[in-house]
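Thank you all for making time this morning.

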Amino acid sequence: MASMSGMFPGQQQQPGPHPVGGPGGPGQPGFPGTASRPPGNNTLVDELEASFEACFASLVSQDYVNGTDQEEIRTGVDQCIQKFLDVARQTECFFLQKRLQLSVQKPEQVVKEDVSELRNELQRKEMLVQKHLSKLHHWQQVLEDVSLQHRKPSDLPPPGPLAFLEQASASLPPAPLKPN
């Protein structure tokens, strides 16, 4: 894998097949409000920014808006997006390499970061548990209220005109069975 130097200003530029012209690339208009960069002094961040701007420039360019050849438009946009994705992968690779270097040079720093991440995750999960407990208590209270309503039939409105007779007959002792 090639060295990923050239990420920040002051570092050497990585040689490779990714030259970047202006923000829109060769033949494409620049993104409004941006200054063009010198071609030999681009870092990976500059390339990522320029390719991102080129994606937008290709979408809002008058050439594409007025163009009638849909295939040409699609090809141009696809090329810009592919360039952006390539530079994004290079940027990710740079940071992964720096992370690997850090883990070799300062393993205690990696352990500290892992501990911090685990504490944050534990705190997030504790908050989630509290949220679920709160909901559980709420629904337990709702169920308790509903069961209390069913235990007190006198609180319920009578279901019909014969409700009084039904209540009165329910309080009478059962009639004795007739012997056969």
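Predicted model: local features only at pLDDT ≥ 70, side-chain atom pairs only at ≥ 80, totals over all residues.

Let me begin with a question: does Arg89 count as buried, partly exposed or exposed, and at which relative accessibility? Arg89 counts as partly exposed, because its relative accessibility is 47%, and the classes here are buried for under 20% relative accessible area, exposed for over 50%, and partly exposed in between, with a 1.4 Å probe and protein chains only.

Residues are numbered from 1 along each chain as its sequence is written, and side-chain values use heavy atoms, with hydrogens and water left out.

Now the overall picture. The protein has five helices and zero strands, so that helices here means DSSP runs of H or I with at least four residues, strands being runs of E with at least two, both numbered from the N terminus. Read from the N terminus on, the elements follow the order α-α-α-α-α. Of the 180 residues, 18% count as buried, and the accessible surface comes to about 14200 Å², with 61% of it belonging to carbon and sulfur atoms; these areas come from the Shrake-Rupley method with a 1.4 Å probe, and for residues only the protein chains shown count as cover. Among contacts between residues at least 6 apart in sequence, 62% join residues at least 24 apart, where contact means heavy atoms within 4.5 Å.

Let me return to Arg89 and its partner. The side chains of Asp86 and Arg89 meet in a salt bridge, at 3.1 Å from N to O, the rule being a side-chain nitrogen of Lys or Arg within 4 Å of a carboxyl oxygen of Asp or Glu. Asp86 and Arg89 are separated by about one helical turn, because they are three residues apart in helix 3, and Asp86, at 25% relative accessibility, counts as partly exposed. Helix 3, which covers residues 70–105, also holds Glu71 and Arg74, again three residues apart, and their side chains form a salt bridge at 4.0 Å, N to O. Glu71 is partly exposed at 48% relative accessibility.

The count by this rule comes to four salt bridges, and one of them that I want to show lies in helix 4, residues 107–151, where Glu121 and Lys125 sit four residues apart, about one turn of the helix. Their side chains meet at 3.1 Å, N to O, and both residues are partly exposed, Glu121 at 34% relative accessibility and Lys125 at 41%. As for annotation, an unreviewed UniProt entry places the feature "coiled-coil region" at residues 108–135, with the caution that UniProt positions are given in the numbering used here, feature names are shortened, and annotations may be inferred rather than shown by experiment. In the model, that span is 100% helix and 0% strand, and its end C-alpha atoms lie 41 Å apart.

Next, the aromatic residues. A pair of aromatic rings is described by the distance of the centres and the angle of the planes. Rings of Phe, Tyr and Trp (its six-membered ring) pair if their centres lie within 6.5 Å, with planes under 30 degrees apart counted as stacked, over 60 as edge-to-face and the rest as tilted. By this rule the count comes to three aromatic pairs. Among them, Phe52 and Phe56 are edge-to-face, 5.0 Å centre to centre with 80° between the planes, and both lie in helix 1, four residues apart, about one turn of the helix. Phe94 and Phe95 form another edge-to-face pair, at 5.4 Å centre to centre and 80° between the planes; Phe94 is buried, with a relative accessible area of 3%, whereas Phe95 is partly exposed at 46%. Ring pairs also link Phe52, Phe56 and Phe84 into a cluster.

Finally, Cys55 in helix 1 is buried at 12% relative accessibility, and, leaving aside its neighbours within four places in sequence, Cys55 is in contact with Cys80, Ile81 and Phe84.
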